Amino acid sequence: MQSDGLIRSLRGIVGNRHVKTGSRRTAYYRTGFRSGQGEAAAVVFPQTLVEQWRVLQACVEAGAAIIMQAAKTGLTEGSCPSGDDYGRPVVVINITRIKRIALLGGGKQALALPGSTLHELQEALAPIGRVPHSVIGSTSIGATVIGGIANNAGGALCKRGSSYTRLACYAKVNADGQLEFVNHLGITGLGDTPEQVLERLQSDDIPDDAVHDWDVPASDREYEQRIRQRGDDLPNRYNADPRRLFEVSGSAGKVAAFAVRVDTYPAPKRKQVFYLGTNDAARFIDLRCHVLDHFTQLPEMGEYMNRDTFKIAERYGKDVFLSIKYLGTKRLPGAYALKSAVEFWMNRLPLLPKYMPDRVLSYASRLFPQHIPKRLLGMRDRFEHYLLIDAADDAIDETRAYLAEHWTDTDAGDFIELNPAEQSAALLHRFAAAGAAIRYQTVHDRRTEDVVALDVARLDNDRTWLDAPHPEVAANLEALLVYGHFFCHVFHQDYVFKKGTDTTRMKHLLLDALDQANAKYPAEHNVGHLYEAGETLASFYQELDPTNTFNPGIGKTSKRHNTTQPVAV
């Protein structure tokens with residue numbers, strides 16, 4: 001079947017309105033969040049799981065390459081086509097219209113369909129006093145539950161690791177090129193055919209006595225134990241950890257997921273945020289070791305940032321801070337999607353500077369008064385390094401007692417207990433840091449070349465996580481933002497380089513240094529089209545997708561049909 005025949009079939013399944021073709025109409029969906037783009041014969045928007053199944057059948061019958069796509073919040077180009085050398089039609093299946101979250105066992109677990117977001121899961125759980133299995137940076141901008149699972153997305157939580165489940169329903173293409181339906185949800189009585197099962201999953205008719213396999217992990221239940229076992233020769237968590245690659249989990253779109261079951265957890269009854277500052281980063285390492293070795297209850301989060309991050313986020317993340325504070329997280333995904341779409345189309349106009357909405361928002365935010373509380377600004381002025389510890393329930397008193405004994409008002413380090421307004425501001429400021437380097441480079445593009453953004457999992461006994469960069473890197477550096485999940489030892493390192501810098505060489509130098517330190521990268525965002533999949537990850541992809549139908553080329557593997565052999569990097 002040629003592309004025109006395939007497009008007719010797709011329109012017959014979902015309707016003309018929900019199949020986009022032509023380079024102009026599909027451009028936004030063929031382009032990554034920060035970078036990357038490729039060709040596609042069509043972008044399809046099914047509304048039901050049955051439509052999704054039928055779209056998959058049509059694509060497999062036509063021999064098309066399939067790219068599953070949700071909210072496009074990934075940072076490594078993994079949810080869009082890459083180039084035009086697939087050798088067959090490419091169809092992007094965007095599943096954001098297929099939404100449903102069902103609470104199982106009184107909310108002990110949740111069933112999520114492909115377009116259901118982590119933010120929607122948070123809202124569904126809040127009335128019953130429970131919280132999701134994972135909280136990630138893109139929760140507030142529309143990241144989906146299944147997208148997090150498929151990418152082993154990390155997050156800020158000390159007690160729960162990367163998104164993970166062994167309970168899922170999905171489609172795969174077997175070695176004979178046939179589309180297979182796999183149901184490992186642990187829910188009985190859904191029907192005998194794929195379409196019967198999918199119709200039932202989308203209905204509200206799943207009785208409690210049909211739900212089984214409660215002992216099967218639907219989150220990384222071992223994470224707290226693993227994070228305390230310091231001294232392993234592997235980081236606590238990283239994206240391609242073979243211990244967390246299972247079917248949909250870590251699949252990076254090499255299968256098409258219909259539904260997953262995920263654990264939920266009791267919401268804390270009390271929370272208290274402590275804000276620490278020091279000029280000796282080694283003091284934070286000592287604190288980390290003590291907390292992991294001796295605390296009865298771990299904190300909920302421990303978020304680090306350096307002074308460059310604080311200052312740049314203070315100025316260039318201010319609009320993000322204010323948007324969340326005044327619009328609220330409920331409106332943010334829609335506002336962010338609108339801004340991204342407007343930005344994409346404005347970037348195509350040759351007379352306008354790139355990323356015009358970012359520039360306007362950055363300058364407009366300066367009209368507002370200072371948004372960071374005075375006590376946090378005082379910590380910024382006194383110290384080079386900061387650690388936000390978010391403690392809950394019994395961990396509050398334990399943290400308070402330890403800090404009172406070991407952290408005092410000296411030049412070496414200090415801490416403050418934040419009041420509710422300061423707590424909210426500190427957490428928002430940390431969230432705004434995630435995009436601050438990109439915004440800084442965008443506004444100052446005349447003097448800066450680009451940002452090399454790395455997310456790195458360090459060995460848990462690595463005390464040299466703030467090593468001075470290679471002399472050649474340092475000579476070309478405009479700013480270095482380091483922030484991350486301190487107790488997990490996962491860090492984001494955003495290198496902003498001066499104009500004219502060969503950023504490809506800089507990235508090679510940086511990655512070489514990380515290899516020598518036995519660090520793992522990317523730690524949270526999956527390999528996408530920017531990183532090479534290691535042998536274990538590439539084998540996992542090939543086992544899931546032996547004909548290379550789904551997301552070909554991911555992890556710099558081949559785009560050819562019937563093979564996922566690595567290609568030269």
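I began with H9, which is mostly covered, as 7 of its 10 residues are buried. A reminder to myself: this is a predicted model. The buried residues I listed for H9 are Arg307, Thr309, Phe310, Ile312, Ala313, Glu314 and Tyr316.

**H9 against H16**

Next I looked up how H9 sits against H16. A pair of packed helices is described by the angle between the axes and the distance between them. Here the axes of H9 (residues 307-316) and H16 (residues 436-443) come within 9 Å, crossing at roughly 65°. I therefore wrote H9 down as roughly perpendicular to H16. The crossing of the two helices is left-handed. On the H9 side I found Ile312, Ala313 and Tyr316 making the contact, and on the H16 side Ala436, Arg439, Tyr440 and Val443. I sorted the residues of this contact into 6 nonpolar, no polar and 1 charged.

**Arg439**

I wanted a closer look at Arg439, which has its place in H16. Is Arg439 buried or exposed? Arg439 has a relative accessible area of 6%, and the cut-off for buried is under 20%, so I noted Arg439 as buried. Setting aside residues up to four places away in sequence, I found Arg439 touching Tyr316, Asp319, Asp358, Leu361 and Ser362.

**The cores**

Then I turned to the nonpolar cores. In soluble globular proteins, nonpolar side chains tend to be buried together. In this model, the largest nonpolar core has 75 residues. Which residues have the most contacts inside this core? I noted Val260, Leu276, Leu287, Leu454 and Tyr495. Helix H8 (residues 282-294) gives the most to this core, with 6 residues.

I followed up on Tyr495, leaving out neighbours within four places in sequence. Tyr495 is in contact with Asp450, Val451, Val452, Leu454, Val473, Leu477, Ala479, Leu480 and Leu510. I also logged a second, separate core of 45 residues, which includes Trp53, Leu56, Val60 and Phe550.

I found Leu403 in helix H14 (residues 394-406). Leu403 counts as buried, because its relative accessibility is 1%. Beyond its neighbours within four places in sequence, Leu403 is in contact with Phe274, Leu276, Leu287 and Phe415. I checked one of these pairs: Leu403 and Phe274 lie 129 residues apart in sequence, and their C-alpha atoms are 9.1 Å apart in space.

Ala168 lies in strand E8 (residues 168-173). Ala168 is buried too, with a relative accessible area of 2%.

**Backbone notes**

Where did I find a cis peptide bond? It joins Tyr521 and Pro522, with omega about -15°. Pro522 has its place in the loop between helix H18 (503-516) and helix H19 (535-544).

I logged a positive phi, near 60°, for Asp213, a residue other than glycine. Asp213 lies in the loop between helix H6 (194-202) and helix H7 (223-228). With a relative accessible area of 36%, Asp213 is partly exposed.

Asn548 is not a glycine either, yet has a positive phi of about 60°. I found Asn548 in the segment after H19. I put Asn548 down as buried because its relative accessible area is 0%.

Methods
Residues are numbered from 1 along each chain as its sequence is written. This is a predicted model: local features need pLDDT of at least 70, side-chain atom pairs count only at pLDDT 80 or more; totals for chains, interfaces and linings use all residues. Side-chain values use heavy atoms; hydrogens and water are left out. Axes are lines fitted to C-alpha atoms, for helices over the stretch in contact, and angles run from 0 to 180 degrees between N-to-C directions. Helices (H or I, at least four residues) and strands (E, at least two) are DSSP runs, numbered from the N terminus. Angles under 35 degrees count as roughly parallel, over 145 as roughly antiparallel, 65 to 115 as roughly perpendicular and the rest as oblique. A crossing is left-handed if the near helix is turned anticlockwise from the far one by less than a right angle, and right-handed if clockwise. Contact means heavy atoms within 4.5 Å. Ala, Val, Leu, Ile, Met, Phe, Trp, Tyr, Cys and Pro count as nonpolar, Asp, Glu, Lys and Arg as charged, and the others, Gly among them, as polar. A nonpolar core is a set of buried Ala, Val, Leu, Ile, Met, Phe, Trp, Tyr and Cys residues joined through side-chain atoms within 4.5 Å. Buried means under 20% relative accessible area, exposed over 50%, partly exposed in between (1.4 Å probe, protein chains only).
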